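Here are a few notes to read with the structure open beside you. Take them one at a time and look for each spot as you go.

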Amino acid sequence: MLKAQNLAKSYGPVPILTGVSLEVKAGTTSVIIGRSGSGKSTLLRCLGLLETPDAGTVILDGEQVFDGSAAHRWRFGRERELARHRSELGMVFQRFNLFPHMTAAENVMLGLTEVRKIGRRAARAVAVEHLAKVGLDALADRYPSEMSGGQQQRVAIARALSMRPKVMLFDEPTSALDAELVNEVLQVMRNLSTEGMTMVVVTHELRFAREVANEVLFVDGGTIVESAPPEQIFDSPQEEQTRVFLSALR
Ligand code: ADP
Ligand code: MG
């Protein structure tokens, strides 16, 4: 469903990603782990087409959505095409980025009315349907300031889902939350994974990774050091770097 080959990205002279390749099969969940500053967010932003890689390719559902080879780079600049592909990728960030002056339903409706050009009444129905999926239909008319962080993050997930993305990308979705609110968000993600959503999740929640991931990717030094099913990564990592990283967390 989502495939990246040899993605490279530098900020100025500093290489952040140095040839990252990965493949996420339809209906599976890949979890990316790695130390702070190792390039996880940069990788996710490249996959989500929010950042232009310097080189490499991104293929979404069989369609090449980014080609870093010189001759085709300009494709990335075609705003309409880019906007379409971006809307096929649901992004959820550490900070929820809800508009404070809009209710939960209005936040979810925004992409439907502005990007998909759906009328307000129909958009409202879709919004409430997706708020129900995250257990929040009863709070559809609340403002973000009237909701807990966990509830706000679930609204952000409903907002992404309402666009019917092909892939959901999560960047540390629970790390801004108070500990007691983490599980309600992870539970929503667990359900999505079980229902067959294709997902890429950057997280430090290793228990979640073990339970939910089909594949865990350990990123370090701008590249994927090791990728394997969770049991292998956590119980018998093959690479020294992976062992060092994991033992520091235990
Ligand atoms: P992670 O998500 O794994 O913590 P990031 O992808 O956020 O890592 O960052 C990787 C490195 O790239 C860090 O050293 C960070 O300071 C740097 N970086 C991230 N974004 C930018 C940017 N827009 N400009 C310059 N440097 C950046
Ligand atoms: Mg990050």
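Predicted model: local features only at pLDDT ≥ 70, side-chain atom pairs only at ≥ 80, totals over all residues.

1. A polar side-chain atom of Thr 42 sits 2.5 Å from one of the ligand's oxygen atoms. On its own, ligand 1 exposes 560 Å², and the protein buries 55% of that.

2. Who else is around ligand 1? The residues there include Tyr 11, Ile 16, Arg 35 and Lys 40. Helix H1 gives the largest share of this shell, with three residues.

3. Next, find the sheet. It is open, with four antiparallel strands in the order S2-S1-S4-S5. Strands S2 (14–24) and S5 (63–67) are the edges, each pairing on one side only. From one strand to the next, the twist averages 20 degrees.

4. Helix H1 (residues 40–47) packs on that sheet, where it touches S1, S2 and S4. Its direction makes about 125 degrees with that of S1.

5. Thr 57 has Asp 67 in S5 as its bridge partner.

6. Last stop: His 130, in helix H4 (residues 120–133). Is His 130 buried or exposed? It counts as buried, because its relative accessibility is 3% and the cut-off for buried is under 20%. Leaving out residues up to four places away in sequence, His 130 touches Ala 158, Leu 161, Ser 162 and Arg 164.

Terms used. Residues numbered from 1 in each chain as written. Chains lettered and ligands numbered in written order. Heavy atoms only, no water. Helix = DSSP H or I, 4+ residues; strand = E, 2+ residues; numbered from the N terminus. Buried < 20%, exposed > 50% of the residue type's maximum accessible area, 1.4 Å probe, protein only. Contact = heavy atoms within 4.5 Å. Pairing = 2+ DSSP bridges. Axes fitted to C-alpha atoms, helices over the stretch in contact; angles between N-to-C directions. Near = heavy atom within 4 Å. Polar contact = N/O pair within 3.5 Å; in protein donor to acceptor, adjacent residues only side chain to side chain. Areas by Shrake-Rupley, 256 points an atom, 1.4 Å probe, with all protein chains shown as cover.
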